[in-house]
Amino acid sequence: MAVTKIQSKMICPRCKVEMNHHSDKLVYGSGPQEAGPDDPPLDGTIAEFHACPKCGYGASRCA
Amino acid sequence: MEATRPLFIPVILGTARMGRMSLHAARLLTSEVSKRAGVETELIDIARLPLPTDDAGPAIKDPGFSARMDRADALIIVSPEYNHGYSGLLKHVLDSCLQEYIHKAVGIAGVSAGPFGGVRVVQNVLPVMRELGLVTIFWDVNFSTVQKVFDEKGTLLDQAFLPRIDKFLKELIWMAKTLRQGREQISID
């Protein structure tokens, strides 16, 4: 059975409102210490990018 | 969304070379952006950023540059050609950030002493913009034979550049507004 990873909404540290998840991006590691387990053939990790609908503040986290 | 929040579109001067004529082009673009209602701007000179050269990438992120990239809705990059490419220092600076750029617009201005106006550096920088998460527009500004476009004090001698810059900025501002709406209101989920 497939397991779906559900993450909570990110909260803007300035406005305390829920941020909008607008992008997922493959981010390449710069060395062995940052090797990406998410998609080994692509050699990177997938990061989520979020923006605050009120002030525009941007934040990211590992997907 | 705060409807009154102005757009922020900084201009990045992508060369530290002595005697750079690109400075005049960057100042002209900054001046033209500053005339747009609802848009704020600032000239960022990469020669003045305190980035170390004994490491690279996010590890050397400058808080001031990062904050400006985070605030930005779009970027304008002004670059001369260095052997058909862009300067290593510009790449070093751009690589110090990533999340700050995602889903933001970018327009490129090429500068050259010859007749091609930096078209080769523009082509070379495009794939880097894409990987950084920036969205390129289809208008460029090409300052060819730049020594004839500006005098030594930076005064614009060729007024034909003003309507070209107008087209470039209209497209960039449209893209900046559209992408802000998308970043802040449209979920990927």
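User: How much of chain B is made up of buried residues?

Analyst: A residue is buried if 20 or more other C-beta atoms, placed from the backbone, lie within 10 Å of its own, exposed if 12 or fewer do, and partly exposed in between. In chain B, buried residues make up 42% of the 189 residues. Please keep in mind that this is a predicted model, in which local features need pLDDT of at least 70, side-chain atom pairs count only at pLDDT 80 or more, and totals for chains, interfaces and linings use all residues. Residues are numbered from 1 along each chain as its sequence is written, while chains are lettered from A and ligands numbered from 1 in the order in which they are written.

User: How many helices and strands does chain B have?

Analyst: Helices (H or I, at least four residues) and strands (E, at least two) are DSSP runs, numbered from the N terminus. Chain B has six helices and eight strands, and along the sequence they follow the pattern β-β-α-β-β-α-β-α-β-α-β-β-α-α.

User: Which residues of α6(B) are buried?

Analyst: Among them are B:Phe161, B:Ile165, B:Phe168, B:Leu169 and B:Leu172. An α-helix has 3.6 residues a turn, so residues three or four places apart point the same way.

User: How many residues does each chain bring to the contact?

Analyst: Two residues are in contact if their C-beta atoms, placed from the backbone, lie within 7 Å. Chain B gives 20 residues and chain A gives 16 residues. On the side of chain B that touches chain A, the largest share, five residues, comes from helix α6 (residues 161–185) of chain B.
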